[in-house]
Amino acid sequence: SLDIGDGAFDLLFDTYREQRPTWGPRQYLTRAGEISNAKRLEEYIKLIGSAETAIFEAREENEAEFRKKRRRWDRRDGRPEGPSDREIAMQEATKQMDYLSMIDTMVATSKPGDKFVDGWTPPKDAKSKDFKGRYYFEKLGLK
């Protein structure tokens, strides 16, 4: 998930600028509006995708910091402060358990040697947060 506020343009352009010289002279992702090399595009997209976990981790940290600021502002302005850290932690724990339950079911019903998603391995314990997996689990409403 790319968002302008998370530096999406910088990521896209910087990755393109880094990869462009490796494609050879006068080689690009597209030519006359058509994809000129599907493998090249796939590698470019993989590089973009590999940044997602770091983006999700930073987003979570930024949201937590904003919640703290918001509480201070609300307290200062005499407004209700919203959910407490404890309430947020309880909601997070519930979401994490839902996600891990889905993962457990998926792993239990798979056959030995089944691949899930290229490069992904299931989280090993409840404390390990799979930022990317959790994001798509929640966004797509998977159960």
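**View A. Asp74 is buried, because its relative accessibility is 7%.** Here buried means under 20% relative accessible area, exposed over 50%, and partly exposed in between, with a 1.4 Å probe and protein chains only. Asp74 belongs to helix 3, which spans residues 52-77; helices (H or I, at least four residues) and strands (E, at least two) are DSSP runs, numbered from the N terminus. Leaving aside residues up to four places away in sequence, Asp74 touches Arg79, Pro80 and Glu81, where contact means heavy atoms within 4.5 Å. The model is predicted, and local features need pLDDT of at least 70, side-chain atom pairs count only at pLDDT 80 or more, and totals for chains, interfaces and linings use all residues. Residues are numbered from 1 along each chain as its sequence is written, and side-chain values use heavy atoms, with hydrogens and water left out.

**View B. Helix 3 and helix 5 cross at roughly 75°, and their axes come within 8 Å.** The axes are lines fitted to C-alpha atoms, for helices over the stretch in contact, and angles run from 0 to 180 degrees between N-to-C directions. Helix 3 is therefore roughly perpendicular to helix 5, in a scheme where angles under 35 degrees count as roughly parallel, over 145 as roughly antiparallel, 65 to 115 as roughly perpendicular and the rest as oblique. On the helix 3 side the contact is made by Glu52, Thr53, Phe56, Glu57, Arg59 and Glu60, and on the helix 5 side by Phe131, Lys132, Tyr135 and Tyr136. These residues divide into 4 nonpolar, 1 polar and 5 charged, with Ala, Val, Leu, Ile, Met, Phe, Trp, Tyr, Cys and Pro counted as nonpolar, Asp, Glu, Lys and Arg as charged, and the others, Gly among them, as polar.

**View C. The structure holds 8 aromatic pairs.** The rings of Phe9 and Phe13 form a stacked pair, because their centres are 6.1 Å apart and their planes lie at 20°. Rings of Phe, Tyr and Trp (its six-membered ring) pair if their centres lie within 6.5 Å, and planes under 30 degrees apart count as stacked, over 60 as edge-to-face and the rest as tilted. Phe9 and Phe13 are 4 residues apart in helix 1 (residues 8-19), so about one helical turn separates them. Phe9 is partly exposed at 46% relative accessible area, whereas Phe13, at 52%, counts as exposed. Phe56 and Tyr135 also form a stacked aromatic pair, with 4.5 Å from centre to centre and 25° between the planes. Because Phe56 lies in helix 3 and Tyr135 in helix 5, this pair ties together parts that are 79 residues apart in sequence. Phe56 counts as buried, at 5% relative accessibility.

**View D. Tyr16, Trp23 and Tyr44 are linked into a cluster by ring pairs.** In a separate arrangement, the charged end of Arg20 sits over the ring of Tyr28, 4.3 Å from its centre; a charge sits over a ring if NZ of Lys or CZ of Arg is within 6 Å of the ring centre and within 35 degrees of the ring normal.

**View E. Arg26 has a positive phi, near 60°, in a residue other than glycine.** Arg26 is placed in the loop between helix 1 and strand 1 (30-31), and Arg26 counts as exposed at 67% relative accessibility. Ala32, although not a glycine, has a positive phi of about 55°; Ala32 lies in the loop between strand 1 and strand 2 (34-35), and is exposed with a relative accessible area of 80%.
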